[in-house]
Amino acid sequence: MPDLKGYGWLLLDGMVMTLGVATASMIGALAVGLAAAVGKIFAPRAGRALIEAYTTVARGVPELVLLLLIYYGLPTLAQDMLAGLGHDVSLRIDPFIAGIGTLSLIYAAFACEVYRAAYLAVPSDQGEAARALGLSAAQAFRCVILPQMMRYALPGLGNVWMVLLKATALISVIQLPELMRSADVAARSTRLPFTFFFMACLLYLALTLVSMWGQVRLERWALRGVPGSSL
Amino acid sequence: MSGFLAENLMRFLEGALMTVQLSALSCALGFMIAVPVALARLSSDRAQFSLATAYVFFFRGTPLLAQIFLIYYGSGQFRPELDALGLWAFFRDPWFCAVLALSLNNGAYTSEILRGSIAAVPIGEVEAARALGLKAWMRLWLVILPRAIRIGWSAYSNQVVYQIQATSLVSVITMMDITGVARSIGARDFTFYEAFGLAAVLYIVLIYCTILVSRRIERHLNAYLGASPAPSPPFGTDVVP
């Protein structure tokens, strides 16, 4: 164990922040992604095109560019527009909010694709049977399709979580004190950059390992009672 | 907005050139790393397997930003040693560190795609090559790799798209790629949304060109199959490339 010169706690605080940002972004991505997927499946043509445009942009633009666009660009755009209306204000977005917003928006687009593939994997007669039993379309989706969909979506959503967890490192660029930023601060003040960035890497690996273990457990739980599943 | 374009477009295009260079170079070097790593991951030699697995696990399990910092800033901690070896001139250079980090990262992800594709090559084809008396390296070069590349192509083109996006991180170590140019112009003129908006558009254009070229290559690679295969979606659904 290398000598961390008393900065060990700073790294752990950073790791807690990383987990917090990642969890909040994941919840946002799951919710927005599901809404987008439902829209992509059921909405009229114009709505579908709009969602398609959103997922294309969110997956085509690098995370860092979108983060900087939201953190720096959005307030300046709003200021310019308000200045045009004769209001002189100075706006700022909190890095925590900007980070969660950006990551949710990007990974919702990926989650949307996962959900949609999962929806297509559920046999269509499940929905037809539910309708034949007198359930409304919304009820059929919520009570019959969605629970079965989740089973197919789980591995893909697990991947989204893994990538999202590592993407939180980018938020250090706008000075949110998460793991990467804490390592940077410690590296600068102790002049031991390799030690601290390597420690940060090890902590990320630990988070990845725990996530992998959790994913296996979760998938096994979701497949309980499915005949013929060996997982 | 048109004034902004006229004033800064040239610098953005220079940035785009840097982005293309970094992506192409790191993909090429990454592929060269990926071939031996994938073979080591498939080999029965325990030492080779463990070494390759550790490499892939480290580079896929940590953020690219951490890897870039580890190489660029971290090397400073070993300055006397690197000086003695005559390597300090390389590690002082952000361009070298960026290419090194991007290539090592790309190599880890590409090796996993390649490993899956090599494992998916029908065993009969390998046995046929063996029966024809081809030596091990000839089997690899003439039979296994060409087939594996066809199998893994669409996954690999996703990886290339991801790599173009990943190069945006080098702006953090002072490189002037598209993102670097946007950050410097945005901060200088306080034109953040114009600068990052243009950067976003340039990335989308680059990525769509890449996808179009990759589709062409895919059609060419699969020409021997006769009927044209079903087109793949613009981006794969898997997010872990």
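This is a predicted model: local features need pLDDT of at least 70, side-chain atom pairs count only at pLDDT 80 or more; totals for chains, interfaces and linings use all residues.

Trainee: What span does α6 of chain B have?
Mentor: Helix α6(B) covers residues 94–119 and reaches 37 Å from first C-alpha to last, close to the 38 Å expected (1.5 Å times one less than the number of residues).

Trainee: Which residue caps the N-terminal end of α6(B)?
Mentor: B:D93 does, with a side-chain oxygen 3.2 Å from the backbone nitrogen of B:W95.

Trainee: Switching topic, how many residues are in the contact of chain B and chain A?
Mentor: Chain B gives 38 and chain A gives 40, where contact means heavy atoms within 4.5 Å.

Trainee: How many salt bridges are there between chain B and chain A?
Mentor: The count is 0, taking a salt bridge as a side-chain nitrogen of Lys or Arg within 4 Å of a carboxyl oxygen of Asp or Glu.

Trainee: Which elements of chain B touch chain A?
Mentor: Those giving two or more residues are α2, α3, α9 and α10. The largest share, 10 residues, comes from α10(B).

Trainee: What should I know about the numbering and cut-offs?
Mentor: Residues are numbered from 1 along each chain as written, with chains lettered from A. Local features need pLDDT of at least 70, side-chain atom pairs count only at 80 or more, totals for chains, interfaces and linings use all residues, and side-chain values use heavy atoms, without hydrogens or water.

How values were computed:
Helices (H or I, at least four residues) and strands (E, at least two) are DSSP runs, numbered from the N terminus. A polar contact is a pair of N or O atoms within 3.5 Å; within protein, one must be able to donate a hydrogen and the other to accept it, and residues adjacent in sequence count only if both atoms are side-chain atoms.
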